[in-house]
Amino acid sequence: MTAEQTYPEPQGGGSFIIAYRAKEKHVLVIGGGSVAAGRVFNALDADMRVTVLSPELNQELQYRYKKSQIKWINDSFKEEYLDGVDMVLSTIDDPVESKNIVDLCRQKSIFVNAADINDLCDFWFMSMHRDGPLQIAVSTNSRAPRLANKIRLQIATLLPQGTGKAIDNIGKLRSSIRKVDPSPNNSRKRMSWLTELCDYWSMHHLSKLDQKDINILLESYIHQADVKKIQLKTRENITKNLSNESLNTANIDVLFEKTTITDHKTDLAQNTLNGVPSINDSTNAHLADLTKTIPNREIKLQNIQDNDIIIKNLSNKDVGAISQKSVCGNSILDKYLINDNCISRSNSNIPNRGSIALIGAGLGSPDLLTIQAIDYLQKADLILADRLIPKAIFSVISNAEIFIARKYPGLADAAQNELNERGLIALKEGKTVVRLKQGDPFVYGRAGEEILFFEKHGYECTIVPGLSSALTAACLNRIPVTHRGVADQVLILSGNNRFNQLPEIPNYLKTRTLVFLMVAKKLNPVCDLLLKHNYPLELPVSILENAGCFNQKKIKGTLSTINEITQISGINLPALLVVGWSNDVIPDFQNCIASETNASSTNINTDVCQLEEKNVIDRSLSVSVM
Ligand SMILES: C[C@@]1(CC(=O)O)c2cc3[nH]c(cc4nc(cc5[nH]c(cc(n2)[C@H]1CCC(=O)O)[C@@](C)(CC(=O)O)[C@@H]5CCC(=O)O)C(CC(=O)O)=C4CCC(=O)O)c(CCC(=O)O)c3CC(=O)O
Ligand SMILES: NC(=O)C1=CN([C@@H]2O[C@H](COP(=O)(O)OP(=O)(O)OC[C@H]3O[C@@H](n4cnc5c(N)ncnc54)[C@H](O)[C@@H]3O)[C@@H](O)[C@H]2O)C=CC1
């Protein structure tokens with residue numbers, strides 16, 4: 001690589017953006033209108049000493065003056081007022097006088113900004129988002145301030161909740177570490193440990209740390225503990241409700257999302273769902289009118305209390321279908337920007353908007369939930385579930401209200417509508433909603449339909465995968481659905497489709513494993529169908545019940561015998577059927593031991609021909625309870 005390729009070429013024409021520590025610096029704001037009030041707010045936010053020079057003050061400045069946040073010189077500009085000043089912000093409506101002020105400041109080497117003469121400014125203001133110690137500022141370098149405002153809001157809606165708190169917590173930990181290990185020689189050690197911590201843990205978890213956790217982390221740093229293995233109170237909270245017998249804590253070593261990408265996705269999802277505010281028709285029309293008839297500047301003149309009310313109205317009064325496109329053809333975010341205009345520089349007032357996640361509950365045992373699913377279940381306000389979700393899963397839930405859909409025969413559609421509406425109402429109230437689905441939401445879970453419903457109403461859905469029994473039931477029952485030399489394909493089918501019909505069956509292929517979900521009531525016809533399609537009578541099959549749960553059970557047989565066997569043993573729901581030679585690859589452990597001692601049957605773990613010949617697996621041992 002050439003040096004030109006290695007080192008980036010400066011574009012030029014930008015501003016030098018720094019975080020200026022202006023605490024106690026004396027700023028003189030000239031003018032008493034809304035632009036002055038905005039500047040004053042920013043200066044106070046940076047702990048500057050503020051004097052306003054103007055023959056009049058607007059409402060906000062009068063309020064700040066009464067609260068002794070600012071000094072006020074009730075006069076027009078005179079040169080003498082520049083004495084002892086570190087910075088001047090001119091916000092007057094008189095360009096000639098403004099130019100005069102700028103010239104005088106230049107002579108006195110005072111840093112100056114004039115709101116009405118861009119070209120003469122030493123620096124420009126930026127659109128700013130603030131969340132505690134976090135400040136995000138956007139500059140368009142005086143090209144398009146309104147777009148700076150819009151970009152700032154777009155960025156802010158993408159931030160994970162609790163970002164400011166997470167920064168605070170890391171700040172505390174960082175300074176404690178530097179106190180106990182101040183040596184400049186250990187800079188690399190400090191930096192790499194903290195970097196790993198920040199990269200490895202999700203923003204959500206970092207935001208939840210308390211002083212006790214920070215102390216544990218400090219200890220961990222001292223011992224250079226692996227950040228993936230640190231046990232914290234936060235971690236305990238997450239796992240505390242998991243039932244002991246089902247949770248093997250050793251298996252959930254990693255409770256925190258691995259990468260920042262996951263983190264971003266989770267948190268981003270959480271916030272962008274939240275991201276789109278809702279506006280009812282009359283508010284919408286009202287705001288649309290405002291943009292047409294009143295210049296933005298005048299909207300800004302409203303006082304802060306009024307603006308707060310507008311924000312509340314926007315988030316509470318949301319009714320009806322709202323798509324990403326608003327009536328004016330702009331996005332909903334654009335509408336919100338109109339609203340934000342009213343609050344001008346009040347930084348972080350992104351209204352609290354509901355969010356929804358569709359979560360796969362997996363097989364029914366809490367220890368087979370994903371970390372992300374546990375995380376969502378713990379922070380949810382409302383959980384929409386159905387009767388199929390095993391009770392054990394609910395042990396993970398902290399405080400959420402649980403709504404179980406009343407999906408009884410003949411009422412399924414009405415129950416689905418009811419569930420959707422419950423979700424929508426909660427979203428409009430700004431709640432965190434979780435739609436919990438058994439298995440994986442996209443494998444016969446009808447999640448697609450629900451996503452379309454919520455997204456039609458302006459709420460993007462986060463999707464959290466779950467373990468689907470389609471593959472994992474076989475896995476837990478020692479059936480490798482693919483196995484070299486035995487099976488190289490897997491087909492997932494439903495024993496019972498929407499119109500109560502049997503599925504279409506492909507021609508027999510020796511190396512294909514078939515997995516039928518929802519098959520218990522259709523076992524007989526499904527087996528008949530397979531036989532009709534020339535599947536061999538001796539083809540091994542298994543019924544797998546309650547996979548992954550404490551009452552997991554496997555019933556083995558062949559295509560010709562399984563019906564008879566289950567007529568005796570019965571089938572407990574939920575159950576699925578695995579058809580194919582992969583059923584015979586790994587014998588039950590007891591048989592395995594038996595075959596070890598049996599000289600005539602040795603090499604069981606090879607290909608299916610051998611299995612057939614030696615008949616290693618005793619299929620007459622029809623029921624095996626695990
Ligand atoms: C050079 C600069 C001043 C400086 O810093 O010296 C400047 C100059 C001017 N702004 C004008 C107009 C508007 N300014 C805003 C809004 C903001 N303006 C801000 C900064 C800056 N504005 C600096 C450049 C920063 C950059 O480009 O990145 C923001 C980011 C920060 C802040 O002010 O605190 C704040 C967003 C706050 C938020 O996000 O909340 C809006 C929209 C709105 O109100 O919503 C409009 C109307 C729409 C439009 O005109 O575009 C006019 C024309 C006046 C006229 O025509 O009469 C001038 C003068 C001119 O351009 O000559
Ligand atoms: N940078 C920005 O973001 C923007 C800048 N502007 C410009 O900023 C300026 C101020 O805007 P607003 O606050 O809306 O105007 P405004 O008209 O509400 O306020 C002007 C203030 O300056 C005071 N004033 C006028 N001459 C003065 C003097 N010689 N000495 C002391 N005080 C004096 C007035 O009493 C008044 O309080 C305008 O020129 C406007 O074009 C406008 C919009 C955005």
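Which residue in S12 is the bridge partner of Leu-358? In this predicted model, the bridge partner of Leu-358 in strand S12 is Ile-463, and the pairing to which these residues belong joins strand S8, residues 355-360, to S12 in the parallel sense over four bridges.

Within helix H18, which spans residues 412-428, lies Asn-420. The relative accessible area of Asn-420 is 7%, and this residue is therefore classed as buried, the cut-off being under 20%. When neighbours within four places in sequence are left aside, the contacts of Asn-420 are with Glu-450, Phe-453 and Phe-454.

A further open sheet is formed by five strands in the order S3-S2-S1-S4-S5, again with parallel pairing. Its edges are taken by strand S3 (71-73) and strand S5 (111-114), each of which has a single partner strand, so that one side of each is left without a neighbour in the sheet. The twist here averages 20° from one strand to the next. Helix H4, residues 95-107, lies across strand S1 (26-30), strand S4 (87-90) and S5, and runs at about 170° to S5.

The loop between S3 and S4 contains Val-85, a residue that counts as buried because its relative accessibility is 9%, which falls under the 20% cut-off. Apart from residues up to four places away in sequence, Val-85 touches His-26, Leu-28 and Ile-110. Along the chain Val-85 and Thr-51 are 34 residues apart, whereas the separation of their C-alpha atoms is 9.5 Å.

The cysteines were also examined. Zero disulfides are present in the structure. Cys-121 has a relative accessibility of 14% and counts as buried, while Cys-198, with a relative accessible area of 31%, is partly exposed. These two assignments differ because a residue is buried under 20% and exposed over 50%, with partly exposed residues in between.

For residues 131-156, the UniProt record, an unreviewed entry, places the feature "domain: Siroheme synthase central". Over this stretch the chain is 46% helix and 23% strand, and the C-alpha atoms at the ends of residues 131-156 are 9 Å apart.

Conventions: Residues are numbered from 1 along each chain as its sequence is written. Chains are lettered from A and ligands numbered from 1 in the order in which they are written. This is a predicted model: local features need pLDDT of at least 70, side-chain atom pairs count only at pLDDT 80 or more; totals for chains, interfaces and linings use all residues. Side-chain values use heavy atoms; hydrogens and water are left out. Two strands pair if DSSP finds at least two bridges between them. Helices (H or I, at least four residues) and strands (E, at least two) are DSSP runs, numbered from the N terminus. Axes are lines fitted to C-alpha atoms, for helices over the stretch in contact, and angles run from 0 to 180 degrees between N-to-C directions. Contact means heavy atoms within 4.5 Å. A disulfide is a pair of cysteine sulfur atoms within 2.5 Å. Buried means under 20% relative accessible area, exposed over 50%, partly exposed in between (1.4 Å probe, protein chains only). UniProt positions are given in the numbering used here, feature names are shortened, and annotations may be inferred rather than shown by experiment.
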